[in-house]
Amino acid sequence: YMFDAGNGELLWWASANVGTSTAETTDSGTIGTNNDNLKYSVVSQINAIDRDGDGLSDTLYFGDLGGQAFRIDLDNAAQTTSGFAKRVVQLYNGHLDTGLSPRFYEMPSFSVHKDKVGLFGVVALTSGNLSSPLASAELSAQDGVFVIYDHDVARSDLYSDKPLLNHRYIRRLHLMNTVKGIPRLTEINRRIAPNTGWWYPYSRIKGDYKGLSEIFALDNMLYANVYDRNGKGLGGGCGASVLGDSYLFQFCLPTGKCRPQYKYNVEGAPNRVKIGAGILG
């Protein structure tokens, strides 16, 4: 939902329910964009990106509690209000009918990288059930970091009426090899399989580690706050205690593999450091 910050008026919204509600037909001129995939709760902040440096947001990135990630393209040069929201793009669909989908409670990070073909966006999300941080394996998803390559966001023709988008939604991401990472795309295989990225499970055992705090990209590094429910935590008198520990995980962008000077530890896992007891951001 997009509101007028001055008076609270609803300006625009996107949902699978657009078309079944009267909100988009009110006298205020509210716009509604229908997308059948927008049917699960969105509880995180929205990452709003200015593509051209004019001070206006052109792109919105977010995830939901159903294991999906989206990009919405906003055309600030549109001549009509109905043309403002250009399209909703489902970037990733990790939904499972079992109810154990990865849950994206936190705003995705966004960074821009360059290969031999040109610029491309990298969207990273962390999953974990913030509503049930102590859930066991039977009630938990395989939580981890999910990194999606967006080969459309930097295109100059993104707002044309019918651009041939590179992206077709991703159902499965490559599992990152901590030794080799994910190779960069060449011009040839980007055309063949442009919609790629990688993911890394925080633990082989579901429920042990959960991404319950923010994830952010900085200087070609990706940092994720991860909660270990089985950590030592802090004991306390009168039965008071803090359960589990939080860690800061470090990955390298865009492929997940670091240069030799940023070595993984001897276990072949990403670098990490303990930052304290409980769920810490």
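The following legends describe close-up views of a predicted model of a protein chain.

**Figure 1. Overview of the predicted chain and its secondary structure.** The protein chain contains 1 helix and 17 strands. Of its 281 residues, 49% are buried. Among contacts with a separation of 6 or more, 57% involve residues 24 or more positions apart.

**Figure 2. The largest nonpolar core.** This core comprises 20 residues, and those touching the most other members are Val-145, Val-147, Trp-198, Leu-222, Phe-249 and Phe-251. Two or more residues each are supplied by β9 (119-126), β10 (144-150), β12 (197-201), β15 (221-228) and β16 (245-252). A further core of 18 residues lies apart from this one, and includes Ala-69, Leu-91, Phe-110 and Phe-146. As a general point, nonpolar side chains tend to be buried together in soluble globular proteins.

**Figure 3. Surroundings of Val-145.** When neighbours within four places in sequence are set aside, Val-145 is in contact with the aromatic residues Trp-198, Trp-199, Tyr-200, Tyr-202 and Phe-251. Leu-125, Ile-215 and Leu-222 are also in contact with Val-145. Of these partners, Trp-198, Leu-222 and Phe-251 are, like Val-145 itself, listed among the core members that touch the most others.

**Figure 4. An open sheet of mixed pairing.** The sheet is formed by 5 strands in the order β8-β9-β10-β12-β11. Its edges are β8 (109-114) and β11 (174-175), each of which pairs on one side only. The pairing between β11 and β12 is parallel and extends over 2 bridges. Within this pairing, Leu-175 has Trp-199 of β12 as its bridge partner.

**Figure 5. Strand β16 between β15 and β17.** The strands β15 and β16 pair in the antiparallel sense through 8 bridges. In that pairing, Leu-222 is placed opposite Phe-251 of β16. Strand β16 also runs antiparallel to β17, to which it is joined by 6 bridges. Here the bridge partner of Asp-245 is Ala-277 in β17. Strand β16 is mostly covered, with 7 of its 8 residues buried.

**Figure 6. Gln-250, a buried residue of strand β16.** Gln-250 belongs to strand β16. Its relative accessible area is 17%, and the residue therefore counts as buried, the cut-off being under 20%. Leaving aside neighbours within four places in sequence, Gln-250 is in contact with Met-221, Leu-222 and Tyr-223, and also with Pro-270 and Asn-271.

**Figure 7. The salt bridge between Lys-274 and Asp-245.** The two side chains meet with an N to O distance of 3.5 Å. Because Lys-274 lies in strand β17 and Asp-245 in strand β16, the pair ties together parts that are 29 residues apart in sequence. Lys-274 is partly exposed, at a relative accessible area of 44%, whereas Asp-245 is buried, at 2%.

Figure 8. A total of 6 salt bridges is found in the whole structure. In one of them, Arg-71 is joined to Asp-73, and the closest N and O atoms are 2.8 Å apart. Another salt bridge links the side chains of Asp-152 and Arg-155, at 2.9 Å from N to O.

**Figure 9. A nonpolar surface patch.** Val-273, Ile-275 and Leu-280 make up this patch, which covers about 210 Å². Val-273 is located in strand β17 (residues 271-277). With a relative accessible area of 45%, Val-273 is partly exposed. Lys-274, which is also located in β17, is partly exposed as well, with a relative accessible area of 44%.

How values were computed:
Residues are numbered from 1 along each chain as its sequence is written. This is a predicted model: local features need pLDDT of at least 70, side-chain atom pairs count only at pLDDT 80 or more; totals for chains, interfaces and linings use all residues. Side-chain values use heavy atoms; hydrogens and water are left out. A nonpolar core is a set of buried Ala, Val, Leu, Ile, Met, Phe, Trp, Tyr and Cys residues joined through side-chain atoms within 4.5 Å. Buried means under 20% relative accessible area, exposed over 50%, partly exposed in between (1.4 Å probe, protein chains only). Helices (H or I, at least four residues) and strands (E, at least two) are DSSP runs, numbered from the N terminus. Contact means heavy atoms within 4.5 Å. Two strands pair if DSSP finds at least two bridges between them. Patches are made of residues with over 30% relative accessible area and no salt bridge: like charges are joined within 9 Å, nonpolar side chains (Val, Leu, Ile, Met, Phe, Trp, Tyr) within 5 Å. Accessible areas come from the Shrake-Rupley method with a 1.4 Å probe; for residues, only the protein chains shown count as cover. A salt bridge is a side-chain nitrogen of Lys or Arg within 4 Å of a carboxyl oxygen of Asp or Glu.
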